Amino acid sequence: MTVLLKGQELRAEFMVTDTRLQVFLPSPVAAAGGVVRLRIGYSFDIPEYGTDRMGRQPGAGWVDL
C-alpha cells in the first residue's frame, strides 16, 4: 500500500483487524480541505461454493458485474 501525500508517493504502514483497515500516515492531514490518496493492491479468489453474493450463482455460472 502506498499513500500519495503532498505530491509524494510513500509506502504506508497499515494494520488489518477483522474487516477494519487502519493506515498510519507519515504526517497529519490538514483539517480544512486536506487530501490523502491511497493506492491499495488487492485480489480475491471467488470460492466455488457459498458465493451467491460474490459473482457466482448456482446453476447460472459466473455473473458479469
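Biologist: Which residue's side chain meets that of arginine 39 in a salt bridge?

Modeller: Happy to start there. A salt bridge is called when a side-chain nitrogen of Lys or Arg is within 4 Å of a carboxyl oxygen of Asp or Glu. Here the partner of arginine 39 is glutamate 9, at 3.2 Å, N to O. Arginine 39 lies in strand β5 (residues 37–39) and glutamate 9 in strand β2 (residues 8–11), so their contact ties together parts that are 30 residues apart in sequence. Strands are DSSP runs of E, at least two residues long, and helices are runs of H or I, at least four, both numbered from the N terminus.

Please keep in mind that this is a predicted model: local features need pLDDT of at least 70 and side-chain atom pairs count only at pLDDT 80 or more, while totals for chains, interfaces and linings use all residues. Residues are numbered from 1 along each chain as its sequence is written, and side-chain values use heavy atoms, with hydrogens and water left out.

Biologist: How many salt bridges does a search of the whole structure find?

Modeller: Two. Besides the pair already described, the side chains of glutamate 13 and arginine 11 meet at 4.0 Å, N to O.

Biologist: Are arginine 39 and arginine 11 buried or exposed?

Modeller: Relative accessible area under 20% means buried, over 50% exposed, and in between partly exposed (1.4 Å probe, protein chains only). Arginine 39 is exposed at 56%, and arginine 11 is exposed at 71%. Glutamate 9, with 44%, is partly exposed. Across the 65 residues of the protein chain, 9% count as buried.

Biologist: What is the order of the strands in the open sheet?

Modeller: Strands of a sheet pair through backbone hydrogen bonds, either parallel or antiparallel. Two strands count as paired if DSSP finds at least two bridges between them. The protein chain has seven strands and zero helices. Three strands form an open sheet in the order β2-β1-β5, with antiparallel pairing. Since β2 and β5 stand at the edges with a single partner strand each, one side of each is left without a neighbour in the sheet. Strand β1 (residues 2–5) pairs with β5 over three bridges, and valine 3 has leucine 38 in β5 as its bridge partner.

Biologist: What is the phi of aspartate 18?

Modeller: Most residues other than glycine have a negative phi. Aspartate 18 has a positive one, near 55°. This residue is found in the loop between β3 (13–17) and β4 (20–24), and with 75% relative accessibility it counts as exposed.
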